[in-house]
Amino acid sequence: MSDNMYSKFLKPVILVFLLVNLAKAQNKTDFFVEKPFQVPSYLLNNAEKLAKNLAKDQDVLDEKEAEEMYKNSFYILKERVNTGELYFSNELTDYLTKIVDDLLLNEGSLKGKIRVFLTRNPQVNAFCLPDGTILVNVGLLNVLENESQLAGILCHEITHYKKQHALNQRKKNKDLKDQKYSNTSSEGVLFKMLSYSRENEFESDAGAVNILNGGKYNAAEYPNALKFLMEEQKDTLKGSLSDFFNTDVFTVDTAIVSKKNVKKELNKSVSRSKSLLKLGDVEYETHPDGEKRILAVKEILTSIEYKEPAKLDNTEFANLKRKAEFETVENAYLEGEYITALLLSLKLKEKNPTSETAEVMIVKNLFWLSRLKENGVMNDFLGKVEVNKSADMARLKLFFDKTKAPDLGKFLFTYTKKQLERFPENESIAFYVAAAAELHLGKDAALVFYKKYNTKFPSGDYSVYIKNKID
Ligand SMILES: [Zn+2]
C-alpha cells in the first residue's frame, strides 16, 4: 500500500487495559467488548517447539532456516501480545474467523492452519505471517464497504500462505539471510518479511478471485477493496472542520489556516515523504503496483465470465465497521496521536452528529493538545506529526502550531462548555469542562467547576481525581 496519514503508526502500542475499559464503560455499544480470553499458548511459550514442527512440515527451505523464520514470526506476535496490540476475543474477531472458516470450506488442506487476529493498528492493511496467522488491522474496516471486500482481502492473505510465499521469498532473497532478527525491534523486520515480490502479489490476487468464485461472496468487489487499500486517505470532511474552527464563541484567526499556508504545509509533507523514499524505505511497499493489480483482477474476472452471486445482507458488517471507526479513534488517542485522533473524531461526528462518544473524543483530544501547548512542548510534538497529503491534517497542524496558548485555552474551554450544554448528563464532558477551566481560568476559578462535577457525579469515573482537587 502507499503512504497514508497513518503510515507513521509503527511504534508499539502500549495500552493499559483498565484505562481503556474505564473510558469505554459508558458507551459499550460504540466499542468492541473484549470477552474473557486466554492468550493461545503458542503465542507465549510454545513458539520454539511449534516453529520446529512447522519447519519439518515444509520443503521450501532447509529446516534450520525455516525454523528461524517461524520463530521470528512468533516473536513478533508475542511482542504484539505483550504490548496489547492484539485483540483476542470480541465480536469482530469472531466475525473474521467466521468469514475465514466460510472461505476455507473448499480448501480442505488449509483447515485448522489459518488463524486470524485483529490488531489495534489504524493503518489500512492486513498481513499474513509465515505460519498462517493473518493479522487484520482495525483501520482496514474503516475504508471497506462490505463483507465481500473484506472476504477478498482475507482470500489474498490466505493465498500468500497457501502458496508459501514467505518461505519462497526468503529462499529467493539471500539478503534476508543476513538480516539480524531480534525480538525487540520487530516492525521493520515484519515489513521486510512481508515485502512479497510483485509476482507473489499478482498470484495472491488471482488466488483470491479463485477462492471467492462460486462462493457466497462477490468477487467483483475485490478490485474495489484493492483500490481502498492502496488509496491515499482522502479528505472527506465537509463542513465540520470549519464549524469546529468557527464556533459562535471563538473564531479562529483564518489567516493561520489560509489556503496558501495549507498548500505550503502540504508541499513540505510531500518533499519529506520523497526524501524518506530516497533513504530506501521500500519495506513499507507491501502492496506495490496497485493500478496494474486492479487491472489484472478485472481481466481475470472477464476471462472467467464471472457471474455475481446473490446480494449479501450487509447489516452485521455495517455495525462492526461503525465500531471499528470508534476503536480506531480511541486507539489513536491512546497512542498519543492527538491530531490524527482529533481529525478522525471530527469525521465520526460528521457521520454520527448526535453521538456523545464522538464528542467526548473531540473534547479529550483537544484537551491534551491544549495541555501540550500550555506546557511548551507543542513544537516537539508537531515535529513528529505527518500531514501525508491530507489538507485537513495540514489545517489542524497549522492551527495548533500557530494559535497561542491562551487562545487555545479559551477555545478549549468555550468549545467544551458548549458541548456540555448539548450533553448535560455526560460525565466525561463535565470533567473536561472543569479540567479546561483550570487550564484557561486558573485553579481557583476551576474549583467551581470541580465542585459542580462532584455534586452531579459523586462516584463517577473521575471522582477520586476530582476529590483531590477539591480538598
Ligand atoms: Zn499481499
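This is a predicted model: local features need pLDDT of at least 70, side-chain atom pairs count only at pLDDT 80 or more; totals for chains, interfaces and linings use all residues.
View 1. Residues are numbered from 1 along each chain as its sequence is written. Glu 305 lies in the loop between helix 15 and helix 16, where helices (H or I, at least four residues) and strands (E, at least two) are DSSP runs numbered from the N terminus. The phi of Glu 305 is near 45°, a positive value in a residue other than glycine. Most residues other than glycine have a negative phi.

**View 2. Gln 164 in the loop between helix 7 and helix 8.** Although Gln 164 is not a glycine, its phi is positive, at about 50°. Gln 164 counts as partly exposed, because it has 18 C-beta neighbours inside 10 Å.

**View 3. Helix 16 and helix 17, a roughly antiparallel pair.** Helix 16 (residues 315-334) and helix 17 (residues 338-351) pack at an angle of about 155°, and their axes are 8 Å apart; the axes are lines fitted to C-alpha atoms over the stretch in contact, and angles run from 0 to 180 degrees between N-to-C directions. The two helices are therefore roughly antiparallel to each other, a term used for angles over 145 degrees, whereas those under 35 count as roughly parallel, 65 to 115 as roughly perpendicular and the rest as oblique. Their crossing is left-handed, as is said when the near helix is turned anticlockwise from the far one by less than a right angle. In the contact, Glu 325, Phe 326, Thr 328, Val 329, Ala 332 and Tyr 333 of helix 16 meet Tyr 338, Thr 340, Ala 341, Leu 344, Ser 345 and Leu 348 of helix 17, where two residues are in contact if their C-beta atoms lie within 7 Å. By class, these residues divide into eight nonpolar, three polar and one charged; Ala, Val, Leu, Ile, Met, Phe, Trp, Tyr, Cys and Pro count as nonpolar, Asp, Glu, Lys and Arg as charged, and the others, Gly among them, as polar.

**View 4. Helix 18 packing with helix 22.** Helix 18 (residues 356-374) and helix 22 (residues 427-441) pack at an angle of about 20°, with axes 10 Å apart. That angle makes helix 18 roughly parallel to helix 22. Helix 18 passes helix 22 in a left-handed crossing. Among the residues that make the contact are Val 360, Val 363 and Phe 367 of helix 18, together with Ile 429, Tyr 432 and Leu 439 of helix 22. The contact has eight nonpolar, two polar and four charged residues.

**View 5. The buried face of helix 12.** In helix 12 (residues 222-230), the residues Tyr 222, Pro 223, Ala 225, Leu 226 and Leu 229 are buried. Seen down the axis of helix 12, these buried residues fall within an arc of 155°, so they line one face of the helix; the arc is that of the directions from the helix axis to the C-beta atoms. The buried residues pack against helix 7 (147-162), helix 11 (198-212) and helix 15 (290-303).

Note on methods
A residue is buried if 20 or more other C-beta atoms lie within 10 Å of its own, exposed if 12 or fewer, and partly exposed in between; C-beta atoms are placed from the backbone.
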